[in-house]
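Biologist: I've got a new structure on my screen and I'd like to walk through it with you. Could you take my questions one by one?

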Amino acid sequence: QVQLVESGGGLVQAGGSLRLSCTVSGRTFRNYSMGWFRQAPGKEREFVAAINWSRGSTAYADSVKGRFTISRNSAKNTVYLEMNKLKPEDTAVYYCNGVLTGNVPLFGSWGQGAQVTVSS
């Protein structure tokens, strides 16, 4: 059974930076992509970024392109999300998951998420 554990959220002023981490256990990802999704209050969960585990190629939502960077450490089975130039509209709970074609989540279960709050 896969376990997803996110960390690194917090409160930051607009323009600031945060780095999220997600450690994955119970699954290998050589043939998959891993990524981040987020859910703001009153909104549906949306795709943020993904990284192909073996090739390292990345994809981003238009809203975060140029500000967020996704990376992974294969040895630690960990995926990261470096978030710069944060905006109040980035406020959400951030979750990691596998990412399928079409930027839909791979796993039906989610971790506890990491709360990111950006003040104006």
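Biologist: Which residue's backbone nitrogen lies 3.1 Å from a polar atom of the side chain of Asn73?

Modeller: First, a word on the source: this is a predicted model, where local features need pLDDT of at least 70, side-chain atom pairs count only at pLDDT 80 or more, and totals for chains, interfaces and linings use all residues. Residues are numbered from 1 along each chain as its sequence is written, and side-chain values use heavy atoms, with hydrogens and water left out. Now look at the side chain of Asn73: one of its polar atoms sits 3.1 Å from a backbone nitrogen, and that nitrogen belongs to Ala75.

Biologist: Is Asn73 buried, partly exposed or exposed?

Modeller: Buried means under 20% relative accessible area, exposed means over 50%, and partly exposed is in between, using a 1.4 Å probe and protein chains only. Asn73 has a relative accessible area of 25%, so it counts as partly exposed.

Biologist: And which residues does Asn73 contact, leaving aside its neighbours within four places in sequence?

Modeller: A contact here means heavy atoms within 4.5 Å. With those sequence neighbours set aside, the list for Asn73 is Trp53, Thr78 and Tyr80.

Biologist: Which strand holds Asn73?

Modeller: Strands are DSSP runs of E with at least two residues, numbered from the N terminus. Asn73 falls in the run covering residues 68-73, and that's β7.

Biologist: Why is one side of β7 left without a neighbour in the sheet?

Modeller: Two strands pair if DSSP finds at least two bridges between them. Here an open sheet of four strands goes β1-β3-β8-β7, with antiparallel pairing. Both β1 and β7 stand at the edges, so each has just a single partner strand.

Biologist: How many bridges join β1 to β3?

Modeller: These two strands run antiparallel, with β3 spanning residues 18-25. The bridge count between β1 and β3 is five.

Biologist: How many of the seven residues of β4 are buried?

Modeller: Strand β4 covers residues 33-39, and it is largely enclosed by the rest of the structure. That's because the buried count is six of the seven.

Biologist: Which residue stands opposite Gly35 in β9?

Modeller: β4 runs antiparallel to β9 (residues 92-100), with seven bridges joining them. It also has six bridges to β5 (residues 46-52), where Met34 stands opposite Ile51. Over in β9, the residue opposite Gly35 is Asn97.

Definitions and conventions:
A polar contact is a pair of N or O atoms within 3.5 Å; within protein, one must be able to donate a hydrogen and the other to accept it, and residues adjacent in sequence count only if both atoms are side-chain atoms.
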